[in-house]
2 protein chains.
Amino acid sequence: MDGEISKQRSEGKISSQPLNPQNTRNLIDSVDAFLFDCDGVIWKGDSLIDGVPETLEKLRSMGKKLVFVTNNSRKSRKQYAKKFNSLGISVSEDEIFSSSYAAAMYLKVNDFPKEKKVYVIGEEGISEELALAGFTSLGGTEDGKKTIDLRPNFLVEHDKSVGAVVVGLDQYINYYKLQYGTLCIRENPGCLFIATNRDAVGHMTNLQEWPGAGCMVAAICGSTQKEPIVVGKPSTFLMEFLLQKFNIPTSRMCMVGDRLDTDILFGQNAGCRTLLVLSGVTSFSSLRDPSNNIQPEYYTSTVSDIIRT
Amino acid sequence: MDGEISKQRSEGKISSQPLNPQNTRNLIDSVDAFLFDCDGVIWKGDSLIDGVPETLEKLRSMGKKLVFVTNNSRKSRKQYAKKFNSLGISVSEDEIFSSSYAAAMYLKVNDFPKEKKVYVIGEEGISEELALAGFTSLGGTEDGKKTIDLRPNFLVEHDKSVGAVVVGLDQYINYYKLQYGTLCIRENPGCLFIATNRDAVGHMTNLQEWPGAGCMVAAICGSTQKEPIVVGKPSTFLMEFLLQKFNIPTSRMCMVGDRLDTDILFGQNAGCRTLLVLSGVTSFSSLRDPSNNIQPEYYTSTVSDIIRT
């Protein structure tokens, strides 16, 4: 894709086009790997979106590599592979790049000392990926039922050896965790503040959107007055791992997602082709809203349109 | 105070001066009302700061009006008056201007319809002030023990007649409340998002700083992608009520507080004299830090220095 056009599109100066038989064939021919977001693209909560299994199967039969890049930090890659398989889709763990994995990899590539600990505001996925990478974590689901009572002489004592706080989506968020994470970041010298992602909301159940990791991350920004290192989309931190694995130039990858400010921006930041699907959080009217300055190359209703040509 | 000097000071171009016998006498002579912040100025948690009762008594004996302007939304004015009296300081309800009261007054002066409801993320103080002003509220402490479980087909049903969400400090913050408040703001047309204040942390107990309302407010900003109307300091919304009550020009008021970005900024925004006390969250080094661009007119250790001349 021409660099100038890509730049203009990423600045919202060129509108995106609907998929049609012609441009779909061109797209498929010029791409070796499809990167899929999951929530709103593959499934909503625990319900598969229509046509997904056939689409993935067809793309695999064409020799395309498939990768699943999800900001949802609630599960580990292992748990995601299980979910895919339980929905009848065969996906292996190493085709999955979740923000929980990204958090652990960020610490690993930055030589985070093994004797330091990581405090987790988030769910199982993060603690599991940290453990797999050899790190010791505190908090997470363990602190989900802790309560505090703001009475005189009460305080939370925090572990001075915590060197990083990882914040992701946490349905068991509470004041104890907020205080613990805040103390580590404010008082432990050099303590890292890592956000799995900053999604405002997501289809955590099939019936409703729920506050996303962006809610918990913002809370910690509010109490610490610090900004996090974001490892999930739209940060391209994970792209290095994808490149190592597949050895395909990003210009021959297509990012397929339902969010402009994470998926499409991630694709554009990484130099990928981009396709927005309208089966998730973004509506056609918000894509076309004058205030939106992120334009994907293409848009369509659902992923199954890719093979309907 | 000369307008240009005030402007330069508020832009951090002129450093603040320590209180000394000479400038303290001048300050007292030129001021008719002292506005005090509470946490970190009058008390820390439930412990009075040394010398406070004598200071207030002396200022009253000099004919000065005393007002207490607190961002802490956990209590109503009535509950604050009780706290003052239990600490041996006689203060009446109508000398207290809390951010819980500010939230209720904001709805009142903006003719918020009585048939609409208010959802509260916060503690008793807010619900009590809303009730006193004749509004119906939901949430608050009532929703403190509600849990949710992100299983398929689960959703939170929210009241479509909620026309405002008030967010303050909430030690019982949970995912249910975050979802409820987010749904009201995102889905109820015209629903207001009101923040009592945005303090990052505060001395909620005497031994430790804890995440302040700024933490909960940021969480809702994160999930709604909206910015709140702030009614507490540094917003000067409450100043209208003070002016009505005392009929003293703001140039003859002195705001005494421990926070640069709320108390001192509030004083400067309103055209008051300003005095920073170092008995709370601001240290001398953070006052003098080159990154700080809020300079009070004066600073001193504690409020009792005002009468030590």
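1. Let's start with a strand pair: β10 of chain A, residues 192–195, runs parallel to β13(A), joined by two bridges. Within that pairing, A:Ile194 has A:Ile229 of β13(A) as its bridge partner. Strands here are DSSP E runs of at least two residues, helices are H or I runs of at least four, both numbered from the N terminus, and strands pair if DSSP finds at least two bridges between them.

2. A quick word on the basis: this is a predicted model, with local features needing pLDDT of at least 70 and side-chain atom pairs counting only at pLDDT 80 or more, while totals for chains, interfaces and linings use all residues. Residues are numbered from 1 along each chain, chains are lettered from A and ligands numbered from 1 in written order, and side-chain values use heavy atoms, without hydrogens and water.

3. For A:Cys272, the nearest cysteine sulfur belongs to A:Cys254, 7.9 Å away. A:Cys272 is buried at 3% relative accessible area (buried is under 20%, exposed over 50%, partly exposed in between, with a 1.4 Å probe and protein chains only). B:Cys184 has the sulfur of B:Cys191 as its nearest, at 5.5 Å, and B:Cys184 is also buried, at 0% relative accessibility.

Terms used. A disulfide is a pair of cysteine sulfur atoms within 2.5 Å.
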